[in-house]
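Please look over the two chains shown here. The report below starts with single residues and then moves out to whole chains and their interface.

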Amino acid sequence: MIAVAVGVYVIGIAFTFYWSFTSSKLFPNNNLVGLDQYRRLWSSDRWLVAVNNIWIYGVLLIVFSLVFGYLLAVFMDQRIRQEAVLRSIFLYPFAMSLIVTGLIWQWMLDPNLGIEQTLHGWGWTSFHFSPLVDPETAIYGLVIAGIWQGSGVTMAILLAGLRGVDSEIWKAARVDGIPTWRVYLFIALPMIRGALATAFVLQCVGVVRVYDLIVAMTGGGPGIATQMPAVYVIQMISSSQNVGQGMAAATMMLLPILVVLAFGGLAMWRRRRRAAMGATP
Amino acid sequence: MSAGDMTLTDTEAEARWGTQPGGVKPRRFSPARLGIYGFLVISALFFLIPLYVMIVTSLKTMPEIRLGHLFSLPGEVTFQPWVDAWLNACTGRDCNGLHPGFLNSLKITIPSVVVSIIIASINGYALSFWRYKGANLFFGLLVFGAFVPYQVVIYPLIIAAREAGLYSTLAAIVIVHTIFGMPILTLLFRNYYASVPIELFKAGRVDGAGFWQIFFRIMVPMSVPITTVAVILQVTGIWNDFLFGVVFAGRSNWPMTVQLNNIVNTTTGVREYNVNMAATILTAAVPLAVYFISGRWFVRGIAAGAVKG
């Protein structure tokens, strides 16, 4: 059973890799064309926009949700009242699907319905906030939705990390007269690296997989402004009937994951080797 | 960090801050406290306002929505949009509302959750207690599988489903959910069983129990907490899925998320925002209910799913 589960991934990736070197159109074929699909991929505007977008989206989303999440966690850690209520409020968006999140924010950012329209109605007619309409800013609209959905989880994970920090540390810091904010920034933060890594990994996986949010919120538009690699692959294997091209794009999506895992594996191996050497000097 | 850290308690906070601090007790309404609450309340509004807007808009009539007061309470409350969303909203030519999608989501979610958890618990058990050749390799590949973007393996799966004659069936979508749930769930169960004392297992072996006997007699009764976490993780994950539903399930089995997206993002006709928002809330209702009922378990599931290995 476990072999089947593992086999699906290995065999699936092997096929994807193989078909990326063929001229497959609607159905896969065995007509090998070398690196043609990759050459075409990297000269396609749509793909270049997609790659550019995932960087913008990924970096902004991860940075903002980690900073915002940590701020929330620190403030939640101040022995506040109604902590459980606030926690539920910060976390509930994560329980909802990205389709729902996308639709909600599509409406909130709709200039004829959402925030902009409301503020106009309140008399602030010069107010302008409709990122989704403009190809230049549409990607930032997606980031807002992403932050709304994912920051609460970061908060929950980091708060759990903070609560796990040894209470002696806090007493010692207080005795030394170190200001609280410095303790949080320079002492607690490095001590919760495990929680930070967890939150980071969770966000990264979410970024690479982002598909539903795009479909619900912008459909990749306006034009091709919010294309993403995941959307590109699906378009290629469905409506564009260009399987070879889609498989090349899918293989490219695997590349960053392989690099990250290779680094992670290397770090683990070195740590283990160092531990082994330390044990028998 | 382990998932156990999630159960934070007041006593821990007390240990940190001390019940009677040596210095001055912080005043309730110092400017700093005000700032803390200010930040938290504004953040809470950021998270809450979209939900509030959705609820009030879904209770308004279309003429009232056109007036553009997004935040105001409905002048006259109407439940017609909710009825329409459930029974009459149109996706293309079909005007049956969301309820077929709801039933489909049930038909997809229940077997997927049951099958994937049964298989994953056996896998996790086998990985942690039965050291067979290649167990480490399997484990490494599973961790890898947890990170693989779906798009990388989705097309070979489509072809495989087609070859097997399962494409666009309920069976296909259940199998696909089971496969993609396998890495995280197996890791979850393996880590849980790894914390079970090996003596229990050895005692079973001495008494002559085999693979299945130990699993059913010893492991399964101990697995209630981890199974709860796994159920929460799978129910919300599968209910919220869009990609696999649209690709594998076939038109007649489309889950709720797919139907919702079709209802809302159809380009024809007048946009009925109240119906659309009611439909959106209905789609989110099941995972939200799971979230509010399960409380802390939910966070535990997320964290456990993220800490791979």
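B:Asn276 is found in helix α14 of chain B. Helices here are DSSP runs of H or I with at least four residues, and strands are DSSP runs of E with at least two, both numbered from the N terminus. This is a predicted model, in which local features need pLDDT of at least 70, side-chain atom pairs count only at pLDDT 80 or more, and totals for chains, interfaces and linings use all residues. Residues are numbered from 1 along each chain as its sequence is written, chains are lettered from A and ligands numbered from 1 in the order in which they are written, and side-chain values use heavy atoms, with hydrogens and water left out.

Is B:Asn276 buried or exposed? B:Asn276 is buried, because its relative accessible area is 5%. Buried means under 20% relative accessible area, exposed means over 50%, and partly exposed lies in between (1.4 Å probe, protein chains only). Set aside residues up to four places away in sequence, and B:Asn276 touches A:Trp107, B:Leu260, B:Ile263 and B:Val264. Touching, or contact, means heavy atoms within 4.5 Å. B:Asn276 and B:Asp84 are 192 residues apart in sequence, yet their C-alpha atoms are 9.3 Å apart in space.

Helix α14 (residues 273-294) of chain B also holds B:Thr283. B:Thr283 is buried, because its relative accessible area is 1%. Leaving aside neighbours within four places in sequence, its contacts include A:Val100, B:Leu98 and B:Trp239. B:Met256, B:Thr257 and B:Leu260 are in contact with B:Thr283 too.

**The two chains**

Chain A has 13 helices and zero strands. The C-alpha trace of chain A spans about 75 × 75 × 35 Å along its principal axes. Chain B has 15 helices and zero strands. The table lists values for each chain. Accessible areas come from the Shrake-Rupley method with a 1.4 Å probe, and for residues only the protein chains shown count as cover.

| Item | Value |
|---|---|
| Chain A, buried share of 281 residues | 52% |
| Chain B, buried share of 309 residues | 50% |
| Chain A, accessible surface | about 12800 Å², 67% from carbon and sulfur atoms |
| Chain B, accessible surface | about 14200 Å², 66% from carbon and sulfur atoms |

Sequence separation comes next. In chain A, take the contacts with a separation of 6 or more: 67% of them join residues 24 or more positions apart. In chain B, among contacts between residues at least 6 apart, 72% join residues at least 24 apart.

Which residues of α12(A) are buried? Helix α12 (residues 229-237) of chain A is mostly covered, with eight of its nine residues buried. They are A:Pro229, A:Ala230, A:Val231, A:Tyr232, A:Val233, A:Ile234, A:Met236 and A:Ile237.

**The interface**

In chain B, 88 residues are in contact with 93 residues of chain A. The size of an interface is often given as the accessible area lost when the parts come together. Between chain B and chain A, the buried area (accessible area lost by two parts on being put together, 1.4 Å probe, summed over both) is about 8300 Å², and carbon and sulfur atoms give 76% of it. Helix α2 (residues 31-58) of chain B gives the most to the side of chain B that touches chain A, with 16 residues.
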